[in-house]
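Q: Please take a close look at one part of this model, the contact between two of its chains, and describe it in a connected account.

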There are 4 protein chains.
Amino acid sequence: MEAVGKLKGGLGIDVFEIDEPRPGPGEVIVEVRATAICGTDLHFYYWDDYARRHNPGFPKVLGHEFSGVVVEVGEGVKRLDIGDRVAAETHIPCGSCYYCRTGRPHICENVKLYGIDTTYGSFTKYTVLPERVAIRIPEEISFEEAALLEPFGVAMHAVSEAGIKPGDTVAVLGCGPIGLFIQQLAKISGASKVIATEVSKYRLNLARKVGAADEVVDALREDPVRRVYELTCRGVDVVFEASGSTKAVKQGLEMVSKSGRVVQVGIARRPTKININTIVEKEVRLVGIAGRLMFSTWYRSIRMVQSRAIDVLQVVTHRLPLRQAPKAFETLSRGEAGKILLIP
Amino acid sequence: MEAVGKLKGGLGIDVFEIDEPRPGPGEVIVEVRATAICGTDLHFYYWDDYARRHNPGFPKVLGHEFSGVVVEVGEGVKRLDIGDRVAAETHIPCGSCYYCRTGRPHICENVKLYGIDTTYGSFTKYTVLPERVAIRIPEEISFEEAALLEPFGVAMHAVSEAGIKPGDTVAVLGCGPIGLFIQQLAKISGASKVIATEVSKYRLNLARKVGAADEVVDALREDPVRRVYELTCRGVDVVFEASGSTKAVKQGLEMVSKSGRVVQVGIARRPTKININTIVEKEVRLVGIAGRLMFSTWYRSIRMVQSRAIDVLQVVTHRLPLRQAPKAFETLSRGEAGKILLIP
Amino acid sequence: MEAVGKLKGGLGIDVFEIDEPRPGPGEVIVEVRATAICGTDLHFYYWDDYARRHNPGFPKVLGHEFSGVVVEVGEGVKRLDIGDRVAAETHIPCGSCYYCRTGRPHICENVKLYGIDTTYGSFTKYTVLPERVAIRIPEEISFEEAALLEPFGVAMHAVSEAGIKPGDTVAVLGCGPIGLFIQQLAKISGASKVIATEVSKYRLNLARKVGAADEVVDALREDPVRRVYELTCRGVDVVFEASGSTKAVKQGLEMVSKSGRVVQVGIARRPTKININTIVEKEVRLVGIAGRLMFSTWYRSIRMVQSRAIDVLQVVTHRLPLRQAPKAFETLSRGEAGKILLIP
Amino acid sequence: MEAVGKLKGGLGIDVFEIDEPRPGPGEVIVEVRATAICGTDLHFYYWDDYARRHNPGFPKVLGHEFSGVVVEVGEGVKRLDIGDRVAAETHIPCGSCYYCRTGRPHICENVKLYGIDTTYGSFTKYTVLPERVAIRIPEEISFEEAALLEPFGVAMHAVSEAGIKPGDTVAVLGCGPIGLFIQQLAKISGASKVIATEVSKYRLNLARKVGAADEVVDALREDPVRRVYELTCRGVDVVFEASGSTKAVKQGLEMVSKSGRVVQVGIARRPTKININTIVEKEVRLVGIAGRLMFSTWYRSIRMVQSRAIDVLQVVTHRLPLRQAPKAFETLSRGEAGKILLIP
């Protein structure tokens with residue numbers, strides 16, 4: 001079958017043929033119906049340190065944001081049946097470390113990442129995964145929507161941990177897919193005002209089109225900190241840092257109000273010099289967010305999409321057939337896309 | 001000036017003339033622009049125990065949900081100026097008890113209630129109140145909206161304490177003004193589904209007209225507990241009990257899911273037999289709500305109304321000139337009104 | 001081998017011979033070194049409704065609070081080895097219901113109770129249980145201490161959920177083993193004052209001997225509510241209701257301070273008439289506690305016992321050989337014991 | 001009367017004569033019985049930027065950690081009487097900013113610091129302060145103990161915000177007075193293990209003498225991060241950073257366990273380069289602590305000292321007559337003291 005991933009190291013993405021996978025005990029085979037490209041996949045395109053550290057060998061099928069239909073179940077599979085519509089959690093926890101045994105498998109000490117540490121990801125027709133990370137999806141949710149539940153879950157987890165109270169003001173730094181999801185969610189989770197900031201023209205336009213934020217600030221043209229104070233008098237109650245930029249991390253601490261919260265979602269590329277005293281003097285609470293809760297975030301996300309209070313497909317800017325993945329990666333690497341869906 | 005309240009004990013409401021009030025030190029005179037009738041005012045209409053216990057003597061002007069303009073300031077008033085548009089907190093805290101000294105004046109041990117324990121309430125042209133319970137209202141909020149901020153604040157406080165997380169399911173028992181406000185708020189505070197229950201035909205219709213709840217259940221015609229399980233599989237994550245009915249209190253404990261929360265807003269008329277074991281076995285959290293936080297709930301409420309994510313005027317069913325107050329009380333006592341606004 | 005439990009329905013406890021158990025897949029055989037009698041076991045002694053509902057058939061070995069050594073492992077057991085010292089969680093969760101899948105197996109919808117719903121409990125030489133509910137115990141903790149970790153865990157879970165802040169005042173209603181554990185824990189978890197109440201002479205004496213509470217109140221001789229107000233001025237910040245008595249439930253709500261918390265641990269025998277308005281006016285938070293968190297409470301409990309800040313054996317009043325279990329049950333049924341340890 | 005503070009800029013501390021203060025409206029005169037030197041006072045000794053920014057003019061009496069007896073009350077004083085024993089909160093809030101109006105005066109936007117921004121501090125016989133920041137002290141607490149309630153309150157506030165659950169492991173970075181108080185408090189607030197780190201020989205010895213920490217680590221001789229992992233396997237659940245050292249801030253983030261909390265109490269002298277990804281990947285919660293809650297921390301602190309579960313005087317290493325203050329400042333500047341008490 002056709003697959004997209006890596007046949008060798010180095011820059012770029014390969015399209016190749018690979019054998020269909022066979023289910024081991026406790027595993028299921030899923031026919032992929034929709035799949036999306038994640039920022040993490042770009043590491044493999046660039047073949048950077050992260051990719052080299054994680055690569056399980058060649059050929060390697062990429063992709064982990066997806067949905068599909070169960071077509072075969074391995075020995076001992078109990079919760080799922082052939083024909084079930086599913087999406088999947090990327091983190092495959094060990095199940096026996098301290099964090100797994102204390103209800104926090106999302107920070108498992110021996111985690112394996114589906115589609116990253118495994119040979120078969122979702123950029124193909126049939127993929128294989130442990131039953132326990134597959135989540136059944138109700139009929140009312142389309143395959144395209146379901147393929148976005150994984151990244152949407154990061155936004156859900158971030159907003160849940162932020163503890164927004166009705167009337168809070170919110171800033172979201174970064175208008176990538178996660179940032180946009182957070183803007184949409186904040187608006188229906190109690191925020192009285194949502195301010196988005198971004199530096200890329202493409203993403204500024206996208207944020208304005210999605211229209212969830214009350215104000216979209218071009219952080220290259222005006223000082224986002226000053227703008228936030230103009231709009232809120234005393235800074236925002238909650239900041240979501242969803243860009244990973246060193247600059248944004250600092251701006252977040254400056255624009256948050258006294259006794260405000262900063263939720264760090266973005267992965268920073270390098271150590272960041274921050275003013276610890278700002279945290280002390282303003283009694284800031286800074287919270288890190290890693291992935292999603294397993295699996296409460298998934299059930300919440302499903303209910304949220306079902307409620308139609310939110311349209312997750314608004315962040316999708318491209319829909320391409322699977323074999324056009326190389327083009328999709330190029331577009332993404334230029335920063336000229338929101339979420340890209342690939343259809344096998 | 002004309003005023004509405006009590007000239008004597010017994011059933012009914014009087015319209016009478018009273019002298020304009022004079023401001024003492026730290027007090028302001030406010031010209032009332034809009035005022036609303038609260039369930040608490042009905043105690044005086046019926047002249048029940050509560051009224052007899054609180055009555056400061058005759059004549060007594062009723063009313064405490066209102067907005068207006070400062071027209072005179074007493075000695076030592078600093079925060080407010082003539083011309084300021086204001087609404088007011090009903091609880092006048094002592095400022096020196098343990099709860100006042102620990103940031104919780106809303107549960108002050110020596111609280112005095114404006115419009116209830118005081119001679120001058122808001123059902124008249126000019127009223128008098130301590131500067132420190134007056135809250136300045138921005139231009140974007142109309143006098144009618146501002147007059148509803150006090151009861152709206154109860155709903156805001158309840159929803160804040162409920163800690164709704166995105167995707168939670170919610171039931172609101174009772175469709176009086178507070179219940180309706182909670183339904184509106186829950187819907188934009190993360191709830192994926194809001195189910196309202198009520199027994200009065202009038203209020204069922206009103207709830208359907210307001211349209212915030214996804215489902216409005218006639219609790220006389222069908223079993224609200226069974227309906228909630230049909231709609232949610234395992235019960236709702238959060239129950240707001242906003243009726244005070246003994247039956248609803250029990251239904252709330254039955255319809256809440258395991259590890260769910262019940263927020264008790266309604267005042268029950270008599271002791272309620274509950275199954276403590278339900279609370280234990282389901283690990284329920286039951287939280288009581290009294291009034292509003294002073295004054296953080298007020299600032300949050302103002303931002304929420306300003307955001308236009310919510311229209312507080314939707315719960316208003318009647319607007320009457322002040323002198324028609326007796327008719328308004330009769331209508332209310334028959335349960336045939338949502339919120340009634342009186343315009344002096 | 002010799003075992004203690006039920007050979008038939010009706011009042012009493014039987015001593016009998018039973019075959020040694022064989023391990024199924026994922027199960028382990030544990031040689032019991034110390035085991036304790038729980039209040040739940042008394043249901044079987046009295047042969048009440050609860051016992052009849054749960055009984056898996058005869059013969060039935062009772063007992064679920066215990067420790068021992070793994071002597072055989074079934075197929076697929078990975079975490080445990082022969083020779084491991086273990087204690088065990090009583091709740092055997094299904095692993096696939098909503099609560100299990102969202103990190104809350106202690107409130108599993110299909111839970112099976114070890115030693116209650118199963119044929120083999122711990123009142124014998126060898127018992128069998130699923131590996132996943134067995135917890136490894138470090139060398140520094142004795143078998144007797146380990147046998148108490150299950151009930152101690154209830155107290156740990158209760159104190160964890162109470163969120164005691166340094167300087168809080170605490171009341172513990174009931175001086176059974178769980179109540180005593182809570183008194184000990186509260187004292188080293190931030191409480192500035194711990195007040196215990198109880199009606200049984202035997203338990204009052206035991207509480208005084210354990211000595212964790214600053215004040216032990218004989219609730220038959222003096223009004224515990226009045227006493228709490230004398231000792232704290234405004235009521236206690238936190239109440240632990242650990243008796244299940246209807247009276248104590250009411251007293252707890254009366255003696256808690258405004259914005260205080262009531263943690264309900266005791267199982268009430270019948271519906272309780274409570275004053276919902278007390279909860280509203282005081283903004284009380286009432287929290288139900290069911291079992292222990294799996295397995296974070298276990299790890300916390302182990303660290304707490306290891307720290308030697310607490311001596312769990314202080315609540316033990318009797319140590320008897322296993323075959324004297326019938327006598328032990330009689331003593332317990334008369335209320336003349338704290339915790340009774342049985343040694344096989 | 002004799003006073004200690006500054007007669008001019010530059011290094012050093014002066015002893016001089018100054019007129020006794022007179023009480024304005026709402027103010028009280030307190031006869032100082034015991035007073036302590038705070039790290040903040042050292043800014044004035046060194047005459048650094050902080051001192052120059054805050055200095056209200058010369059002569060300036062230093063000192064703000066103290067206790068004494070009310071000897072005169074100004075107009076309008078209601079809560080206090082002559083003869084009352086009091087201590088005082090350093091933060092004099094404006095009472096009308098957003099934070100004051102929302103129950104958080106400790107982060108008031110217009111705060112004035114008693115003994116820092118005011119002419120009269122506590123290093124003298126009679127001092128003057130607003131009634132509302134004075135806290136009545138019960139008889140059971142000595143004047144020396146009461147003089148330490150202000151810094152002890154910082155530790156109380158930090159431990160309260162940390163939300164230690166029974167069985168948590170704790171590290172305290174820094175063994176100055178606040179660090180020592182936190183070690184003492186953590187030990188009786190649920191911690192199963194307390195690990196202290198410090199670089200100064202003097203303070204290491206002091207920490208060992210106080211004896212609250214289970215382990216005192218010399219951070220110059222061994223790697224505190226490695227030591228913490230040896231003692232806890234997976235890092236500590238809670239870190240209190242109480243040194244302000246750039247190195248310690250980094251160590252704290254490294255030694256905290258996944259989903260652990262870092263409470264930042266120390267004021268850092270310069271921006272700190274931290275690894276934001278550590279916060280994200282471990283889902284760390286970082287919380288800043290500023291001062292104490294007004295006044296709930298005070299009431300909690302009083303109850304804690306009254307309970308005798310803790311001896312705040314253990315951190316006192318020197319007691320000197322007021323006029324020896326210059327010598328005391330020199331000793332402190334060499335780092336050769338815990339807390340120094342001055343007796344007028």
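A: C:Asp168 forms a salt bridge with D:Arg300, their closest N and O atoms lying 2.7 Å apart; a salt bridge here is a side-chain nitrogen of Lys or Arg within 4 Å of a carboxyl oxygen of Asp or Glu. Across the interface of chain D and chain C, four salt bridges are found by this rule. Helix H5 (149–162) and helix H11 (296–306) of chain D each supply at least two residues of the side that touches chain C, helices being DSSP runs of H or I with at least four residues, numbered from the N terminus. With four residues, H5(D) gives the most to that side of chain D. The residues of this side comprise five nonpolar, seven polar and eight charged, where Ala, Val, Leu, Ile, Met, Phe, Trp, Tyr, Cys and Pro count as nonpolar, Asp, Glu, Lys and Arg as charged, and the others, Gly among them, as polar.

The model is predicted: local features need pLDDT of at least 70 and side-chain atom pairs pLDDT 80 or more, whereas totals for chains, interfaces and linings use all residues. Side-chain values use heavy atoms, without hydrogens and water; residues are numbered from 1 along each chain as its sequence is written, and chains are lettered from A and ligands numbered from 1 in the order in which they are written.

The contact (heavy atoms within 4.5 Å) takes 20 residues from chain D and 20 residues from chain C. About 1700 Å² is buried between the two chains, 50% of it from carbon and sulfur atoms; buried area is the accessible area (1.4 Å probe) lost on putting two parts together, summed over both. In chain D, D:Pro166, D:Arg300 and D:Arg303 lose the most area to chain C, together 33% of what that side buries.
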